[in-house]
Amino acid sequence: MRREPVKHLLTKLAFTLDRDSARLELKWMKQALSPSDPPTALLAMLDRRLRGEPLQYILGTTPFGPLQLLTRPPTLIPRPETEDWTLRLANTVSPSSSRPISVLDLCTGSGCIPLLLCHLWPPGSTRAVGVDISPDAIQLATDNAARCKITAHVTSNLRNSFIPVLGNLHDPDLIRSLEPPFDVVTSNPPYIPKREYDELPHSVKDYEDPRALLGDPPGSSDQDGLSFYRAIASFIARKGVLRNGAIVALEVGHGQAEAVQDILHHVAHLGNTEIWRDPWEKKRVVFARA
């Protein structure tokens with residue numbers, strides 16, 4: 001490959017980012033190349049990046065804790081904030097093969113949350129289910145489970161399992177395919193209000209599924225980004241969904257923590273709640289015990 005075109009595109013990328021970040025991204029792109037890629041592959045990757053495509057989609061993977069997960073548009077790219085609280089949750093709960101637990105992850109996307117929990121917790125301690133409305137997300141979560149060697153069907157008590165389920169949180173029959181009760185319920189649901197979504201950079205809006213970002217369905221009378229929290233609270237309030245003493249951990253957006261806390265109190269009847277901050281001191285998770 002001629003060096004001049006690469007140097008030219010790298011210079012343009014440095015204007016968009018900064019020189020050090022551009023060089024680092026170029027290094028990662030080179031590492032992502034395979035011997036079978038054509039000579040023009042690196043140029044194509046740089047061109048995609050200059051057009052605003054997220055780096056994680058171009059590389060095809062992203063780190064999440066000790067895992068390297070597959071990333072594909074339009075499924076939501078796992079964020080560092082989500083990684084942070086998932087690691088904290090993994091240290092908060094201590095399942096074992098003699099006292100296994102069931103995990104339900106709603107709006108599972110890539111499957112990053114339950115897969116990291118299954119990876120970190122002892123073998124044979126965890127049965128996880130991830131629900132998403134998007135067939136693309138379910139396929140990606142399935143592929144990530146295979147990549148992490150976490151199977152859907154356990155043949156021994158020395159393996160953790162993860163089952164991706166295509167389903168709609170608003171479907172009253174969803175519970176029939178989930179085998180409750182659950183000891184842990186997690187979710188990073190869509191929570192961005194429409195007015196904030198409209199201001200997002202094109203690198204987000206043009207590539208990631210709006211259904212994974214917009215907190216209120218189109219045409220909804222609610223425009224506060226909290227629709228999914230109301231649906232989650234109504235779902236987990238149903239008899240038999242949560243085991244006694246179950247834990248609920250919900251990621252929230254800017255300025256939403258207290259409102260989500262209130263929803264869990266009044267809709268899900270979970271009075272024992274606290275708010276977790278992320279490393280950037282943002283209120284990021286509402287944590288509750290049943």
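Colleague: Across which strands does helix 7 (residues 135-147) lie, and at what angle to strand 5?

Modeller: Helix 7 lies across strand 4 (126-132) and strand 5, running at about 165° to strand 5. This is a predicted model, with local features needing pLDDT of at least 70, side-chain atom pairs 80 or more, and totals for chains, interfaces and linings using all residues. Numbering starts from 1 along each chain, and side-chain values use heavy atoms, without hydrogens or water.

Colleague: What makes strand 5 and strand 8 edge strands?

Modeller: The seven-stranded open sheet runs 5-4-3-6-7-9-8, with mixed pairing. Strand 5 (161-166) and strand 8 (272-277) each have a single partner strand, so one side of each lacks a neighbour in the sheet.

Colleague: How do you know that strand 7 and strand 9 pair?

Modeller: Pairing takes at least two DSSP bridges. Strand 7 (residues 242-251) and strand 9 (residues 283-289) have five, in the antiparallel sense. Ala249 stands opposite Phe287 in strand 9.

Colleague: Why is helix 10 called roughly parallel to helix 11?

Modeller: The axes of helix 10 (residues 227-236) and helix 11 (residues 257-266) come within 9 Å and cross at roughly 25°. Roughly parallel means under 35 degrees, so helix 10 qualifies against helix 11. The crossing of the two is right-handed.

Colleague: Which residues of helix 10 and helix 11 meet?

Modeller: Tyr229, Arg230, Ala233 and Ile236 in helix 10 meet Val260, Ile263 and Leu264 in helix 11. Contact means heavy atoms within 4.5 Å.

Colleague: What does helix 10 touch on the sheet?

Modeller: Helix 10 touches strand 3 (101-106), strand 6 (182-187) and strand 7, and its direction makes about 170° with that of strand 7.

Technical notes. Axes fitted to C-alpha atoms, helices over the stretch in contact; angles between N-to-C directions. Helix = DSSP H or I, 4+ residues; strand = E, 2+ residues; numbered from the N terminus. Parallel < 35°, antiparallel > 145°, perpendicular 65-115°, else oblique. Left-handed = near helix turned anticlockwise from the far one by under 90°.
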